[in-house]
Amino acid sequence: MATFYDNWTIQVRKGILELCILNALEEGECYGYALVKQLVAIPGLQVAEGTMYPLLSRLKLQGLVATRLEESPGGPARKYYKLTRTGNKERGRMNAYYRGLSEAVDTLLTPVS
Amino acid sequence: MTTWTPAAESFFRDFLSSHFGARPADEVAQDIRCHVHEELAQRGVDRVTRIELQRVVEELHPDQNMVEAESAFVKAPPIPTEDPSKPPKTRTVAAAIFYVILPLVVLVLEGIFHWCAMVFFDPMPTLAHAALLFLVPIVSGCLLWKRTPWIPRSFNTIACLSGVALAVSVYYVAITFWWIPFAILGLVYFGFGLVPLAPPFAMIGISRARTLMWKKIPSAREIPWKTWSRRGIYVGIAALSILELPSYVGRIGLSMAKSENVSIRERGLNSIRIAGTEDDVLRSCYGPGRAWAGNQDAAGMVIGAIGCAEVSPEQAQKVYFLATGTPYNEIEHPQVHSRLYQRDQWDTVTFDPDQGGDRVGSRLRGLFMDTHVDASARLSYTEWTVEFENLSPDMYEARCQVQLPPEGVVSRVTLWINDEPEEAAFGPNNKVKSAYKSVVMVERRDPVLVTVSGPGRVLVQCFPVLPKGQMKIRLGITAPWSPDEPKVILPRVVERNFGFPSTLKHHVWSQGDGHDQGSQFTFTNRELLDKSPITPVQEFGGNDLSEQI
């Protein structure tokens, strides 16, 4: 049975996962597999590899990311993701909001002894 | 080519249908398929079995609803107290100091003060060498402190550069490894010795940075990393070969060219010509000096260290003549320091091993000549006043071989001491030589020695030409003269260890009696040098001096 803490951390991570994806694509185009591996490796995010693709698919449908396929010599075509102009704009707004929220919440937090 | 077993194919079909049902062509399903293929390729699996596939699929967490990502998170993670991918701060600072800052600082200091170049060898003789060396700590820094992911294109570049940097650092550690124990001992017992350890630290730094890159950044495990990294190593080796190989070939050629065996000698000479390292041979002609290491590049140090290139200055001088057809001292004194840097005069001064000896040795700089000629009928008498000036901070011996006029003899030698002319004494060769040596070597003051050095030739030696000082001598030369052939042949310098400034003027004054008339004229050093590479024979008749000159 999931504890209150477990449920809460899931909600938090769900909330920031899209922010992480958009920021990971900020430097430019990235191969899907490499992007997933990079995000999975973020400490604390603890996201399963298999869950990333549905999210990427949804972001694509929403016009925040674009994809292109590149033929691979040894397997299926590779899919590269990149941020669209809309996606970049949304990323900026989300970053600003997240920073503001984080700083505001920080003022409420007391140090853990 | 990856092959799948039937069991694996069946398992994967079932997996996709169980999670995507009737939508196997769904984009997410395609993405998952692509992910699994890539994961298998990364693991180097050539034959995909069901067990192997199961392992990969388990990491996708198929127990979660893969379509509805919102509920697809795994159990709550432990509270992250510290970013595990981030090394402790003290380690980060230490890495910055030893892997990046120390090598960079040492390179900058070497560029300014040439410590290594003056003591061991010149590590940065060209800009290309400097660029390669600076690349090592810079790439280390980029790899160690790059936190954000690399985009594919720049990732390939940095992978390639890291390979170049690794090759360069390994080479420089290989040629300097012998001083590492001394540096460690110095560090342990005396508290200094960090500077010589910069090459191994730089090498460890770039190796560690590459490893960290591979382990910590997921995209580093992409296939292109290995490919581009390997290409970088090849590029580094090629660059070093282009820069260094000629020096090694030339040095080996020099050691072969001193051989008594004709075929070995010829191969050695050919090597020098092919490698184009005549300048290195020229440097070897001057032997060790105060800045002796400035004569050395890495090849010189390495080959010298293994002892197969012990070449004395005399041997090098002979080899230089054989390789180029030009006596070494007819060429401008080589710069003993790196070709990369501007040198001052101090740097170009070379110890003069032939001081007080019997032969003409190294060329010195900053000596000037002023000439006067006095000719008379039948028996011509020429007085040649030569003034040497030494611009260097050390005292030097000026030497030259003078070709006398046919059948001429030196009949008078005058040395100016405190602006007062003093006449020299004549004596047997051995006696005057030993007297001169004792004065030069022991008392280190004031003689001039003129000895016969060959048919019609004399060797003139003057010591000391004081730092920033001058020395003036006059040679009186008597030679037969016939009215049937009314001309006077001037003496000339055939070999010398000093240079002519471009503004030098030779003042020639002639005087005759009977039907001859006197003439006086001046010609510049450039005019003389244009006619002959050293100093020309000047012939003129009593009546039409100016026309013949």
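**Exercise 1.** Which residues have the most contacts inside the largest nonpolar core, and how many residues does that core have?

*Solution.* Let's set the ground rules: this is a predicted model, where local features need pLDDT of at least 70 and side-chain atom pairs count only at pLDDT 80 or more, while totals for chains, interfaces and linings use all residues. Residues are numbered from 1 along each chain as its sequence is written, and side-chain values use heavy atoms, with hydrogens and water left out.

A nonpolar core joins buried Ala, Val, Leu, Ile, Met, Phe, Trp, Tyr and Cys residues through side-chain atoms within 4.5 Å; buried means under 20% relative accessible area with a 1.4 Å probe, protein chains only. The largest one has 42 residues, and A:I21, B:V36 and B:L53 have the most contacts inside it. Among the elements that each supply at least two residues of this core are helix 3 (49-61) of chain A and helix 2 (27-42) of chain B.

**Exercise 2.** Describe how helix 1 of chain A crosses helix 2 of chain A.

*Solution.* Start with the geometry: the axes (lines fitted to C-alpha atoms over the stretch in contact) come within 11 Å and cross at roughly 130°.

Next, find the contact (heavy atoms within 4.5 Å): A:C20, A:I21 and A:A24 of helix 1 meet A:L35, A:Q38 and A:L39 of helix 2. By class, these are five nonpolar, one polar and no charged residues.

Notes. Chains are lettered from A and ligands numbered from 1 in the order in which they are written. Buried means under 20% relative accessible area, exposed over 50%, partly exposed in between (1.4 Å probe, protein chains only). Helices (H or I, at least four residues) and strands (E, at least two) are DSSP runs, numbered from the N terminus. Axes are lines fitted to C-alpha atoms, for helices over the stretch in contact, and angles run from 0 to 180 degrees between N-to-C directions. A crossing is left-handed if the near helix is turned anticlockwise from the far one by less than a right angle, and right-handed if clockwise. Ala, Val, Leu, Ile, Met, Phe, Trp, Tyr, Cys and Pro count as nonpolar, Asp, Glu, Lys and Arg as charged, and the others, Gly among them, as polar.
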